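The sequence and the structure come first.

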Amino acid sequence: MAIKKPLNPRERIILALDVDDFNVAQDIVRELKDYVGFFKVGLQLYTSCGFDVVEMIQSNGGRVFFDGKFHDIPNTVARACANLVKRDIDFFDIHIKGGSKMLSTTVRLAQETAKKYEKEQPTILGVTLLSSFGQRTLNQELGVDLTIDDYVARLANLAQQANLNGVVASASEARKIREICGEDFLIVCPAVRPTWSVVDDQVRVVTPTDAIKAGVDYMIVGRPIINASDRVEACNMIIAEIENAIQDSLMNV
């Protein structure tokens with residue numbers, strides 16, 4: 001069964017393991033497995049440690065978001081994602097800009113692979129626009145004559161039509177995505193920075209409170225936790241902020 005909506009504030013946190021060293025990653029997983037919902041394995045860690053790090057997370061009871069952002073011809077992406085299903089990856093993402101054929105081919109083969117090998121049905125997310133992109137980059141460099149909101153909404157609609165489970169998108173675009181795609185469609189927000197942290201190299205950055213109020217389901221947090229002097233305290237502060245934002249949202253309904 002594909003991943004459903006998070007049940008509590010802790011589950012909403014996806015910790016980005018953006019490190020190079022297996023032992024460092026292992027220490028973080030063992031320290032924080034009870035404080036976050038998922039561990040994100042991206043290109044930085046994967047190209048350093050391969051699937052060993054995925055197996056390490058799973059052996060420690062953690063759940064994995066494989067952030068490969070695949071974008072290639074349909075057959076290549078579909079077969080790569082089928083391999084992720086065989087590895088019991090909890091959920092993963094592909095670029096929506098790969099087009100409808102790439103998306104639908106991937107969904108179909110991933111589901112067939114899960115059935116064949118008696119695995120859980122995969123949760124597949126579509127990457128909309130990278131959080132390092134701003135309006136100028138979209139218009140002037142990519143030549144897309146749309147606002148970021150409209151462009152991301154168009155991509156989200158394409159992802160839903162191809163039967164993806166949700167998208168990776170900024171909270172800034174989440175309300176429009178929710179209007180178009182409905183409540184069951186998952187929205188995972190990258191570049192989440194608590195008010196007490198620095199922005200780093202991201203452009204479309206939001207706080208956990210912003211994300212909850214916009215209707216985001218999961219949020220990806222990396223450096224504010226990884227680089228904290230007390231990682232557990234950092235997690236607890238973010239969990240508390242999420243809890244407060246949820247309560248505020250309920251009171252304003």
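Two strands count as paired if DSSP finds at least two bridges between them. The model discussed here is predicted.

**Strand S4 and its partners**

Strand S4 covers residues 91-95 and is joined to strand S3 (residues 64-70) by three bridges, the two strands running parallel. Within this pairing, phenylalanine 65 is opposite phenylalanine 91 of S4. On to strand S5 (residues 123-127), S4 makes five bridges, and these two strands run parallel as well. Here aspartate 93 has leucine 125 of S5 as its bridge partner.

| Strand | Helix | Strand | Handedness of the unit |
|---|---|---|---|
| S3 | H4 (residues 74-86) | S4 | right-handed |
| S4 | H5 (residues 100-116) | S5 | right-handed |

How many of the five residues of S4 are buried? Five of five are, and the strand is mostly covered. Phe91, Asp93 and His95 point one way from S4, while Phe92 and Ile94 point the other way. Residues on both sides are buried, so each has under 20% relative accessible area.

**Nonpolar cores**

The largest nonpolar core holds 71 residues, and Ile177 and Ile225 touch the most other members. Helix H11 (residues 231-251) gives the most to this core, seven residues in number. What does isoleucine 225 touch, beyond its neighbours within four places in sequence? Its contacts are Ile13, Leu15, Leu32, Arg231, Ala234, Cys235 and Ile238. A second core is separate and has 12 residues, including Ala16, Val168, Val188 and Tyr218.

**Cysteines**

A search of the whole structure gives zero disulfides. Cysteine 81 counts as buried because its relative accessibility is 0%.

Cysteine 189 is in no disulfide either, and its nearest cysteine sulfur, again that of cysteine 181, lies 16 Å away. Is cysteine 189 buried or exposed? Cysteine 189 has a relative accessibility of 0%, so it counts as buried.

Technical notes: Residues numbered from 1 in each chain as written. Predicted model: local features only at pLDDT ≥ 70, side-chain atom pairs only at ≥ 80, totals over all residues. Heavy atoms only, no water. Core = buried A, V, L, I, M, F, W, Y, C linked by side-chain atoms within 4.5 Å. Buried < 20%, exposed > 50% of the residue type's maximum accessible area, 1.4 Å probe, protein only. Helix = DSSP H or I, 4+ residues; strand = E, 2+ residues; numbered from the N terminus. Contact = heavy atoms within 4.5 Å. Right-handed = clockwise from strand over helix to strand, strands pointing away. Disulfide = S-S within 2.5 Å.
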